[in-house]
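Hi,

Here is the structure we talked about. Please open it alongside this email, then read the notes below.

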Amino acid sequence: MKINDLTITSHKEIAKDIYEMKLTGEALQMPLPGQFVHVKVGRGTDPLLRRPISVCDTEGQSFTMLYRAEGKGTTQLSKEQAGQRVNVLGPLGNGFPTDSISPGETALLVGGGIGVPPLYYLSKTLQAKGVNVIHVLGFQTKDVVFYKEEFTKLGPTYVATVDGTEGTKGFVTDVIVSEDLSFDALYSCGPTPMLKALEQQYGNQRMYLSLEERMGCGIGACFACVCRTQADPNGVDYRKVCSDGPVFPAGEVAL
Ligand SMILES: Cc1cc2nc3c(=O)[nH]c(=O)nc-3n(C[C@H](O)[C@H](O)[C@H](O)COP(=O)(O)OP(=O)(O)OC[C@H]3O[C@@H](n4cnc5c(N)ncnc54)[C@H](O)[C@@H]3O)c2cc1C
Ligand code: FES
């Protein structure tokens, strides 16, 4: 883990309020798929807390992140221009366990909304290893769909929108059933209700879930991101999403 001042090489809106930022800089340690960076927004103390953003792709000394401009910090970040510098702490967290699937097996990657970005780097990594990848990407509506072509280049890609304006009308879980998708391992990132639905239906299979919890420090020191475990839902056993996660095997944390 390192703090780096990275230079923005490209920054653009790729769907409604969804931005793609490419950054480059010296000695960015190679991240694992599913790891994230903790981004300092602006140059002052407001906002004070960094924002956790997943690594969406890497190439040499550069990496790509995709984010949705919604709150104070990400809206401020969206105003940055190519050539400016962004202070980034990372890579952080544990990442998806890519060793748990073998070449020739099939991985089903299921993303919801702004949980989709880390699955792109995961898919590239798995595909390079000889794993068959299938993607199911869920969004609210057509205007916020992104990276469909990029995923399609790696493997079969199904899109679901809640309002039916693109792809299948409904949720990612509807697509898995209607397309009768079978798989050896399932990897997912997205809103908690989606992860919960997937866990209820497929939790007895090889399955890994990435959580997007509110964070403070990002390095295990402040306890802002703790989740209770399923084994001890009312007790004292917990996991820190920033340092024990953000990826957990199905059944470990209480969603
Ligand atoms: C591992 C991980 C990966 C993520 N990857 C992505 C990604 O690739 N793309 C993306 O768009 N989003 C991603 N997110 C979500 C993203 O971090 C949040 O959407 C973002 O922090 C919101 O910031 P904001 O400035 O838009 O919102 P604001 O509402 O201005 O700020 C939210 C921030 O306030 C602080 N905060 C607010 N309430 C609390 C609280 N109760 N406890 C502690 N802190 C609080 C936190 O720093 C929080 O990040 C990820 C989150 C995690 C945990
Ligand atoms: S964010 Fe501080 S312990 Fe996880």
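**Overall fold**

Contacts between residues 24 or more positions apart make up 62% of the chain's contacts with a separation of 6 or more. Bear in mind that this is a predicted model.

The chain holds 5 helices and 16 strands. Its radius of gyration is 18 Å, close to the 18 Å that the globule rule gives for 255 residues, so the chain is as compact as a globular protein of that length. Along the principal axes, the C-alpha atoms fill a box of roughly 50 × 45 × 35 Å.

Of the 255 residues, 51% are buried. The exposed surface comes to about 11500 Å². Carbon and sulfur atoms supply 49% of that area.

**One residue to look at: Lys40**

Go to strand β3, which covers residues 36-40. Lys40 sits in that strand.

Lys40 is buried, yet it has no salt bridge. Where is the nearest side chain of opposite charge? It belongs to Asp46, 8.4 Å away. A salt bridge needs a side-chain nitrogen within 4 Å of a carboxyl oxygen.

What does the side chain of Lys40 reach? It reaches the backbone oxygen of Gly44, at 2.6 Å.

Now the surroundings. Setting aside neighbours within four places in sequence, Lys40 is in contact with these residues:

- Pro47 and Arg50
- Val86 and Asn87

To recap, Lys40 is buried without a salt bridge, and its side chain reaches the backbone oxygen of Gly44.

Best wishes

How values were computed
Residues are numbered from 1 along each chain as its sequence is written. Chains are lettered from A and ligands numbered from 1 in the order in which they are written. This is a predicted model: local features need pLDDT of at least 70, side-chain atom pairs count only at pLDDT 80 or more; totals for chains, interfaces and linings use all residues. Side-chain values use heavy atoms; hydrogens and water are left out. Helices (H or I, at least four residues) and strands (E, at least two) are DSSP runs, numbered from the N terminus. Buried means under 20% relative accessible area, exposed over 50%, partly exposed in between (1.4 Å probe, protein chains only). Lys and Arg count as positive and Asp and Glu as negative; His and the chain ends are not counted. A polar contact is a pair of N or O atoms within 3.5 Å; within protein, one must be able to donate a hydrogen and the other to accept it, and residues adjacent in sequence count only if both atoms are side-chain atoms. Contact means heavy atoms within 4.5 Å. The radius of gyration is taken over C-alpha atoms; the globule rule is 2.2 Å times the number of residues to the power 0.38. Accessible areas come from the Shrake-Rupley method with a 1.4 Å probe; for residues, only the protein chains shown count as cover.
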